[in-house]
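Hi,

Here is the structure I said I would pass on.

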Amino acid sequence: MANAEDQGMAPHTNAIEKLRAQCLARGSAGIKGLARVFRIMDDDKSRSLDLAEFVKGLSSAGITLGNREAQQIFSLCDKNSSGTMDFEEFLEALRPPMSATRKQIIADAFHKLDKTGDGVVSVEDLHGVYDGRTHPKYQSGEWTEEQVFRAFLDSFDSPSNKDGKVTAEEFLNYYSGVSASIDSDDYFVAMLKRAWKL
């Protein structure tokens, strides 16, 4: 991997920017994949991690940060100095900054997909919203429409743990990666409106 100077980053770039850059280098799935690793590690479903769990999660995700940098990120996200890092605050800090306009259009697209309103998009939600019959593998007879739907949902999931369900958080994490490569709010909004017929 190129060093910080080669990527145009000053050596003193803060730790969260370094972590964000490593995630975004993996494409739109980078932040989403890291979030998935931490969610799996959160055995007690507390939505928080201690420093040891955080460091272990970074390592499991193949992220290369020094102990000092990991500690800096942890301290940034442990706002109340409780010794645990709130998962939502961590993801909020990690995602590339997005305008309220971008966050709203992402939320609108998710709500359109989530027909049942349960906060999770599954194969059942996609019927009547996403036309799988136009997919080349459906048209060739290789896949059923259900398989097309599942492949579509898998694109929002972490490569290491595909469960066929997409949460609002996973959807936002995916599009935060896409957003990072698009400068114009107008273009981003138009792209999502076109993609989801909003």
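Let me start with a cysteine: Cys-77 has a relative accessibility of 2%, so it counts as buried (buried is under 20% relative accessible area, exposed is over 50%, and partly exposed is in between, with a 1.4 Å probe and protein chains only).

Before you go further, some ground rules. This is a predicted model, in which local features need pLDDT of at least 70 and side-chain atom pairs count only at pLDDT 80 or more, while totals for chains, interfaces and linings use all residues. Residues are numbered from 1 along each chain as its sequence is written, and side-chain values use heavy atoms, with hydrogens and water left out.

A disulfide is a covalent bond between the sulfur atoms of two cysteines. I searched the whole structure for them and the count is zero (the criterion is a pair of cysteine sulfur atoms within 2.5 Å). Cys-23 takes part in no disulfide, and its nearest cysteine sulfur, that of Cys-77, is 12 Å away. Likewise, Cys-77 is in no disulfide, with the sulfur of Cys-23 as its nearest, 12 Å away.

Now the chain as a whole. The protein chain has 11 helices and four strands (these are DSSP runs numbered from the N terminus: H or I over at least four residues for helices, E over at least two for strands). Its radius of gyration is 18 Å, close to the 16 Å from the globule rule for 198 residues, so the chain is as compact as a globular protein of that length (the radius is taken over C-alpha atoms, and the rule is 2.2 Å times the number of residues to the power 0.38). Along the principal axes, the C-alpha trace spans about 50 × 40 × 30 Å.

Of the 198 residues, 40% are buried. Among contacts with a separation of 6 or more, 59% are between residues 24 or more positions apart (a contact means heavy atoms within 4.5 Å). The accessible surface comes to about 10500 Å², and carbon and sulfur atoms hold 51% of that (Shrake-Rupley, 1.4 Å probe; for residues, only the protein chains shown count as cover). On charge, there are 24 positive and 31 negative ones, and their mean positions are 3 Å apart. Lys and Arg count as positive, Asp and Glu as negative, with His and the chain ends not counted; each charge is placed at NZ of Lys, CZ of Arg, CG of Asp or CD of Glu.

Arg-47 is not a glycine, but its phi is positive, near 60°. Arg-47 sits in the loop between α2 (30–41) and β1 (48–50) and is partly exposed at 30% relative accessibility. Ser-81 is also a non-glycine with a positive phi, about 55°. You'll find Ser-81 in the loop between α4 (67–77) and β2 (84–86), and it is exposed at 63% relative accessibility.

Pro-96, in the loop between α5 (87–94) and α6 (100–113), is buried at 9% relative accessibility. Its C-alpha is 7.3 Å from that of Arg-20, although the two are 76 residues apart in sequence. Leaving out residues up to four places away in sequence, Pro-96 touches Arg-20, Leu-24, Ile-31, Ser-176 and Ala-180.

Asn-173 belongs to helix α10 (residues 168–179) and is buried, with a relative accessible area of 1%. Its C-alpha is 7.2 Å from that of Arg-95, 78 residues apart in sequence.

Leu-198 is in the segment after α11 (185–196) and is partly exposed at 39% relative accessibility. Leu-198 and Lys-112 are 86 residues apart in sequence and 8.1 Å apart from C-alpha to C-alpha. With residues up to four places away left out, the ones Leu-198 touches are Ile-105, Asp-108, Ala-109, Lys-112, Leu-192 and Lys-193.

Cheers
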